[in-house]
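Open the model in your viewer and keep the selection panel at hand. Each stop below names what to select and what is there.

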Amino acid sequence: MAADTAAPARVAPDACPDDLPRACNRIWRYLEMVGVEACERGRITLKLLDQAMASTLRDGGHLTPAAMDAMTDWLGKREQMTNADQACGGAAALAESAHPPTCRQSMAPERRYGRGRWHRRLRADQPPASHSP
Amino acid sequence: MSRRSANWRAHAHVRRGLGLGLVLAQTLFATDYAMWLLPYHGGQPLEVATAIVFGFLFAWVSAGFWTGMFGLWDRMRGGDPVHLAAWDDPAELAATPLAKTAVLVPIYHEDVPRVAAGIEAIYRSVAATGQLAEFEFFILSDSRDPEIWLREQEAWQRLCRRLGARGRLHYRRRGLNLNRKSGNVADFLRRWGALFHYMVVLDADSLMDGETLVSMVQTMERHGEVALLQTAPRVVDGQTFYARIQQFANRMYGPLFLRGLARTQMGDATFWGHNAILRIAPFVRHCALPKIRGWGPLTGGVLSHDFVEAALLGRAGHEIWIMPKLAGSYEETPPSLVDDLKRDRRWAEGNLQHLRLMFLPGLRFVHRLSFGKGVMSYLSSPLWLLFLVLGTIEYAQIRHGNVNYFPEPYSPYPVWPEWHPESALLLLLSTLFLLFAPKVLSALLVLVDGKERRGFGGFWSVVGGILLESVMSVFLAPLRMFSHSVSVLGALLGWKVNWAGQRRDDGRTTWSEAWYQHGAGTIMAVTWIGVSLWIGGAFVIWTLPVSVPLLLGPAISVMLSDAKLGAWLRGHRLLLTPEEVDPPEVLRSVQESDWLAGADQTPPGKAFEQAIVDPRRNRLHAALARRRRHPPATAAWMAELRLRCLDQGPNALSRQERASLANDHYSLTQLHRMVWQRGSEDHWDLGPYPTSAD
């Protein structure tokens, strides 16, 4: 990345310096919450700030959408590389793991009721209800 | 119909005929005797009413006694050779291949760590059998409170990681929880039921051993006519005095009654709603429950669905068996009397609904009887209360009323009212014998069996436990009677029943809760004692066994909910059960689980906030939230909610508003970004939050 080479003089801090804008602090804490190690955290905080510094400073030092996007992108790539969260994968995989593909079949809708249903007698030898995948 | 199937039916007819005959004969004899005991020998309407009520109550007691006797017979013969459990050669059964089975855990506002610990224990137990490939687990949530279901989702993800269960352990939360648990299971069946042959339905506090699950699937595979196998769950893990009494009674006396029940019901048994395996195809075909139509009470959705489902399966020609000797099936009991009675309030209405269903065409006679027994298990309480009232009026009339020497019109012969207290005492003792004989026999069977005796902690533990349980059951019976009577009255008057998650912790009943639950009973006891004193004579002494427990109801209830007292009893080896002395593996893994030792990292009341702030949690909850395009008005309302939430913090929203945001993918992701980009940290805790190691 260009930003990696753009700021060679800076030393990655092991804590977010106070004189950097508020966004640095936020990125630092966000990465800490995600579980990024402290040494890597300092380096990437600076890198992300460099990437989005203009917009960050323009916005009074807050974490801007551009910085947030940069951070999310970086985290996504990092996860892909390290396979860090493979137990449940990405959002789509998570959702599918929770709700596997269905194979719908009918079971009398609960809102449809009436005397007829209670009084209808089905025998065991009849074929089971069909279902459509 | 297979040869074996025809064989058991012939045995069943004989046993049921014998059982019914014995109950009817005993009841007719006792009712006739009671009639003779009354001063006018049934010559007055009040006496006839008293005798009829007595007859119903005596039949109920007698049915329990003979069920116990059938159990004793079964035990003496070393089991039932005609029962399904004896049909298969163990080696052949063990070699039977399995079929796809879904293990369902329907939950509603439950203690999340306990549920997670239970699922983990069952999952590992199944994995240990080497048959995990045929099982999938579904957590089916009906929880409405985001504080709870966000924790459920987090626990599900953590379970997936710990167990490597991705693709085998699923989580679904219904958007609309129609028809409670039966609707929840039906929702699963519509979506995924066709992918499985069987489903094992559990409760939130259920535990089942992997070997037991495998054996049940194999039995189902070998007998296509069987649609449902019901295990007899043993009550475990009771901490409070009350829970320990319940689990001791269940473990000490339960087996005899279960054997008796299995011996008479055979393939027409009932479903208890959990810890059972069901064949999915017939269940889908026959067990979609319509609402009960009509006006007045006991209409609407079926509350106690399990009995009805069993009856519908039976009507369609399928078999349902109870497996009394199948170990490895456990459940917990409510920690206090108040919690138990709250549950009974729901069950009372559900069972009384069966009055409207028990005469449906085509049902098996045994299922009609099961409906009747379910009704009587609650109706017996107001009948007992009515019997006490009638007895009081009768005695008051004798003491203070004008004696009617000519109760029969146009008869020239006077009738002298007679009263035989010694005979009344004999009838009372006979009834007590019927009540306590099966219990005493159960205890004797335990005492003479060295292994079982040691399981209960040894000779003195058994004797001490039985004495303590018997004394407490004498105190509990009137309290249950009064509360059940109120529940039945409430059900008949159409009072609304709240569907609340069952409390399964060891929380103590407060005095205000106890007075709210038992205060009316205390007032009734004071009134009754007052009336008895006014009536005079020795009548007040006869009332004491009922009035004293009612009088002390709140204090008894508070005392029984005490977990410290429960621990003290356990320390003194009282009310021990074999599962406490030597816990089975699946139970031990729950008791030692780090879930119960505070593995749930989300502080109380913080689940929603952490779902917004924490990147990992936010990604999880957003992935499981609904992605939908809202109508303009709803979208505008959601946008307003998001802004209010952001500016004023999560506590500024109501539970319903938080639920709306937490169930919306877009709102969750947007709020996450907005919170982190926000200048101020007012109202939001930006962590860091503790995260689990796994």
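**Stop 1: a helix pair**

Select helix α4 (residues 112-128) of chain B together with α5(B): the two pack at an angle of about 25°, with their axes 10 Å apart. Axes here are lines fitted to C-alpha atoms, for helices over the stretch in contact, and angles run from 0 to 180 degrees between N-to-C directions. Helices (H or I, at least four residues) and strands (E, at least two) are DSSP runs, numbered from the N terminus.

This is a predicted model: local features need pLDDT of at least 70, side-chain atom pairs count only at pLDDT 80 or more, and totals for chains, interfaces and linings use all residues. Residues are numbered from 1 along each chain as its sequence is written, while chains are lettered from A and ligands numbered from 1 in the order in which they are written.

Now show side chains. From α4(B), pick B:Val112, B:Ala116, B:Ile119, B:Glu120 and B:Tyr123. They meet B:Ile148, B:Arg151, B:Glu152, B:Ala155, B:Leu159, B:Arg162 and B:Leu163 in α5(B). Contact means C-beta atoms, placed from the backbone, within 7 Å. By class, this contact of α4(B) with α5(B) has eight nonpolar, no polar and four charged residues. Ala, Val, Leu, Ile, Met, Phe, Trp, Tyr, Cys and Pro count as nonpolar, Asp, Glu, Lys and Arg as charged, and the others, Gly among them, as polar.

**Stop 2: the seven-strand sheet**

Color the strands of chain B in the order β3-β2-β1-β4-β8-β6-β9: this is an open sheet of seven strands with mixed pairing. Two strands pair if DSSP finds at least two bridges between them. β3 and β9 (319-323) of chain B stand at the edges, each with a single partner strand, so one side of each lacks a neighbour in the sheet. The twist averages 20° from one strand to the next.

**Stop 3: β6(B) and its partners**

Select β6 (residues 226-231) of chain B. Three bridges join it to β8 (residues 276-279) of chain B, and the two run antiparallel. Look for B:Leu229, whose bridge partner in β8(B) is B:Ile277. Five bridges join β6(B) to β9(B), and these run parallel. In β9(B), B:Ile322 is the bridge partner of B:Gln230, and B:Met323 stands opposite B:Thr231.

Is β6(B) buried or exposed? Six of its six residues are buried, so the rest of the structure largely encloses β6(B). Buried means 20 or more other C-beta atoms within 10 Å of the residue's own, exposed 12 or fewer, partly exposed in between, with C-beta atoms placed from the backbone.

β9(B) is mostly covered as well, with five of its five residues buried. B:Glu319, B:Trp321 and B:Met323 point one way from β9(B), and B:Ile320 and B:Ile322 the other way.

**Stop 4: the three-strand sheet**

Move to β5-β10-β7 of chain B, an open sheet with mixed pairing. β5(B) and β10 (residues 329-331) of chain B pair in the antiparallel sense over two bridges. Pick B:Leu207 and B:Tyr330 to see one pair of bridge partners.

**Stop 5: the chain contact**

Show both chains. The contact takes 53 residues from chain B and 41 residues from chain A. On the side of chain B that touches chain A, α24(B) gives the largest share, seven residues. The residues of that side divide into 26 nonpolar, 14 polar and 13 charged.

Notes. Two residues are in contact if their C-beta atoms, placed from the backbone, lie within 7 Å.
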